[in-house]
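Here's a quick briefing to read alongside the model. Have the sequence and the 3D view open as you go.

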Amino acid sequence: QWSDLHDYAVVLLDSVPAGLTPIQFPAAGLLSSLAAKGGLQPGTVFDNVGYGVVPFFKTGRPHVEAPPGRMFTTSRYKALTQAYLKLNMNSDSREGNGGICIGDSGSPKFLHGTNTAVALSLGGDAICRSESINSRLDIPAARSFYGQYLALP
């Protein structure tokens, strides 16, 4: 059970470094709208970015190791609640899923193939084998906070 629906931060840069494309924030209610139109199905893919640990649990005792740098994976949609986007985080899945793990909290979840961030990693199970829980960026609590600093779609 997650209790803080206001755990957001914004980092403002004086200028955008060359070669860096700023992320886009979602329109209000984007994920709910996609769900209502059938756009969120069990096979829907989201892109993950993070610097957390890499889990190992095929042989021996489950353990985690530091990544070689920033990691990119995809995760498949599991569920949507009023506050959270739930995604498969099992990097060992036969469906080609990746995921996030310990140390990835706060990293963005993107609509697949876009720079539109729709959620931020919040948590998941202890050894990164089940689902990730991600704070939605299209809900009023999030938009109220980051709308103080950014122009919203």
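Val16 sits in the segment before α1 (30–36), where helices (H or I, at least four residues) and strands (E, at least two) are DSSP runs numbered from the N terminus. Val16 comes out as partly exposed, at 48% relative accessibility; here buried means under 20% relative accessible area, exposed over 50%, and partly exposed in between (1.4 Å probe, protein chains only). Bear in mind that this is a predicted model: local features need pLDDT of at least 70, side-chain atom pairs count only at pLDDT 80 or more, and totals for chains, interfaces and linings use all residues. Residues are numbered from 1 along each chain as its sequence is written, and side-chain values use heavy atoms, with hydrogens and water left out.

**Surface**

**Overall layout**

- There are two helices and eight strands in the chain, running α-β-β-β-β-β-β-β-β-α along the sequence.
- Of the chain's 153 residues, 35% count as buried.
- Looking at contacts (heavy atoms within 4.5 Å) with a separation of 6 or more, 62% are between residues 24 or more positions apart.

**Nonpolar cores**

- The largest nonpolar core has eleven residues, among them Val49, Tyr84, Phe110, Leu120, Ile133 and Tyr146.
- β7 (117–124) and α2 (140–146) each put at least two residues into this core.
- A second, separate core has nine residues, including Leu31, Tyr77, Leu111 and Val118.
- A core here is a set of buried Ala, Val, Leu, Ile, Met, Phe, Trp, Tyr and Cys residues joined through side-chain atoms within 4.5 Å.
- Setting aside neighbours within four places in sequence, Val49 touches Arg70, Met71, Phe72, Ser107, Pro108 and Phe110.

**Around Asp138**

- Asp138 lies in the loop between β8 (131–136) and α2, and counts as buried because its relative accessible area is 3%.
- Searching the whole structure turns up one salt bridge, and it pairs the side chains of Arg136 and Asp138 (2.9 Å, N to O).
- The salt-bridge test asks for a side-chain nitrogen of Lys or Arg within 4 Å of a carboxyl oxygen of Asp or Glu.
- Arg136 is buried too, with a relative accessible area of 3%.
- A polar atom of the Asp138 side chain is 2.7 Å from the backbone nitrogen of Leu31.
- Beyond its neighbours within four places in sequence, Asp138 has contacts that include Pro26, Gly29, Leu31, Ser32, Val118 and Arg143.

**Around Thr81**

- You'll find Thr81 in the loop between β4 (71–80) and β5 (84–88), partly exposed at 30% relative accessibility.
- With neighbours within four places in sequence left out, Thr81 contacts Lys86 and Arg136.
- Thr81 and Leu31 are 50 residues apart along the chain, and their C-alpha atoms are separated by 9.7 Å.

Key. A polar contact is a pair of N or O atoms within 3.5 Å; within protein, one must be able to donate a hydrogen and the other to accept it, and residues adjacent in sequence count only if both atoms are side-chain atoms.
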